[in-house]
Amino acid sequence: MTDAIRTELERVAAGFGADGLEFVLERPRDAGHGDLATNLAMLLARRDRTNPREMAARVIGELRFSPTVVSRTEVAGPGFINIWLAENQLTGAIAEILERGKSYGRTAAAGSLKVNLEFVSANPTGPLHVGHGRGAALGDAIASLYEWTGHTVTREFYINDAGVQVDRLAASLWARIKQEAGLQADIPEGGYHGEYLRENARQVLASEGSGFARLPDDEGLRRSRALGIRMQREEQDRDLADFGVRFDVMSSEQAIYDAGRVEHAIALLGERGLTYEAEGALWLRTTQFGDDKDRVLRKSDGSLTYLVPDIAYHIDKHDRGFDRAIDVWGADHHGYIPRMRAVLVALGYAPDFFGVELVQLVKVLREGEEVKMSKRSGEFVTLHNLVNEVGVDAARYFFLARKGASPLDFDVELAKKQTDENPVFYVQMAHARLSGIFRTAERDPDAVEGELDLAALPAPQDSELLKTLVTFPEAVARAAREREPHRITVFLHELATVVHGWYHHTRAVGAPEGPDTERARLLLARAARTVLANGLTLLGITTPDRM
RNA sequence: GCGCCUGUAGCUCAACUGGAUAGAGCACCGGCCUUCUAAGCCGGUGGUUGCAGGUUCGAGCCCUGCCAGGCGCGCCA
């Protein structure tokens, strides 16, 4: 809706010799400041060191808006240009919601990108915990935001099935198997002590036979490794599926080794002159590309550092033709970003090819007390338990209610509450109430059609709702641009507030203002229900019709 | 010691790439059910945006220096 206005402002800006100037066109907080406002004139005045209000007047003099688009403009405050839309703009915007339905809010990107979004990527050494859940919710929502703005997304999970961690898993499981069979064995240093491995051990003995525990250590370890990875992977996949997260591609570190891509990566870096030998090790010159020290690729004992398969993996993503590789990482890995970026820049990839979204820790609170997590001892809050307790909708909403970089307090009691204190219920309730209107009217909401008659919507709550609805596509676009899904939860909460106020103060079915108003309010209710549903669906949250 | 993140109402957080009078929820106080879901609505109390400077028409946002918290700084992953 604002495209035509932006285009005209850009034309005038170009006339002032400010082609491509990045000005803001936004909906002011204060309704008295118009439907839209721009700081264009203030930016021009700054450039020319002239009076911003005079510049605003000159800009307005150059603007040629159709009266069917803009009804009025004014200079305001320090030099803002406030713009009032023609009424039929709002009618048209609502018509667009009704027409586009489930796809309202989707926009086509100027240049459609092929995006790889890697998230969760947990070691296959134990159950997913709440931190993984936050990463899963965030990654999935960012992926959806890219899709909603016209890009193609591959959701990808990287399985670290080749490193030291899975060696420890194998040794730990092997020890548990022996223990379950009544033999003497200890969990090794740095191993996994969780109860889940005892259970896995019993499963192995049940399926493979009790003789399994008496295999020679090398064979027992080898087979424990494969079985352990498989069992952990299956459990993780089940937890993710229960959480509503689906991956397009599961990549395996081992497979990258097996395909020779790791050695290939070292060779490639060598060819580019990016490596050197020193102190018996092979080093990578990451300092030339923004890292604060060079990094070892091959240790003096001949083994590779974990950096190498990660490099190979990111080269692989590039080779698969992605324009963007976005990784969702735990915040404790942030020190790792400069070296990975340095490598990819060194290889000549575009600077914005690689991006990282950091996820801060989740603190789980129960009755005001922190539930402590310790992976080493195996006592931690699993995603599975959390979802069982509070449900997928609440878990997703809570994980997405804050930007990823902020630490999150997850109040289990609040998430379970079925009252308006709980934001997810508050938002879903708005949707359910709108659905209730159509039950009362005995109408299928999608069958309510016709042109919206603004004159039949006299209540201030009517116009507030109208104006809130049409900002949804911009909210989506911005959330996508910033990779910040929390902007959608903020929008949804605001919209829900407006819906509840509208619902309370006005009546659709049997509207006292008459049948024209009833017709218009049913259309408005349908549009509001659509937008709420689209926002919730984007975040992977259900849209109940009754609660 | 160095780097990254964070610091906004009693608590949890927003704030549209530097805009107009910093906003929500919870908590607290006071109202509202003959009404499509009171699982809701309306109003009120509550702020030196950690501190001190700087940049400019304008700073919660940018710069500098402090303070506090978290994370990281390995030929571990």
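# Exercises on a predicted protein–RNA model

A polar backbone atom of Gly436 lies 2.9 Å from a sugar or linking oxygen of RNA strand B. The model is predicted, with local features requiring pLDDT of at least 70 and side-chain atom pairs pLDDT 80 or more, while totals for chains, interfaces and linings use all residues. Residues are numbered from 1 along each chain as its sequence is written, chains are lettered from A and ligands numbered from 1 in the order in which they are written, and side-chain values use heavy atoms, without hydrogens and water.

**Exercise 1.** Determine which side chains approach a phosphate oxygen of RNA strand B, and which elements contribute to the surface near the strand.

*Solution.* 
Step 1. A polar contact is a pair of N or O atoms within 3.5 Å; within protein, one must be able to donate a hydrogen and the other to accept it, and residues adjacent in sequence count only if both atoms are side-chain atoms.
Step 2. An N or O atom in the side chain of Lys299 is 2.9 Å from a phosphate oxygen of RNA strand B, and for a polar side-chain atom of Tyr426 the distance to a phosphate oxygen is 2.5 Å.
Step 3. Elements giving two or more residues to this surface include α16 (423-441), α18 (472-482) and α19 (486-505). Helices (H or I, at least four residues) and strands (E, at least two) are DSSP runs, numbered from the N terminus.
Step 4. The most is given by α19, with nine residues.

**Exercise 2.** Describe the aromatic pair of Tyr158 and Tyr313 and its place in the sequence.

*Solution.* 
Step 1. Rings of Phe, Tyr and Trp (its six-membered ring) pair if their centres lie within 6.5 Å; planes under 30 degrees apart count as stacked, over 60 as edge-to-face and the rest as tilted. The whole structure holds 15 aromatic pairs.
Step 2. Tyr158 and Tyr313 are stacked, at 4.0 Å centre to centre and 10 degrees between the planes.
Step 3. Tyr158 belongs to strand β6 (residues 152-159) and Tyr313 to helix α11 (residues 307-319), so the pair ties together parts 155 residues apart in sequence.
Step 4. Buried means under 20% relative accessible area, exposed over 50%, partly exposed in between (1.4 Å probe, protein chains only). Tyr158 is buried at 3%, and Tyr313 is buried at 1%.
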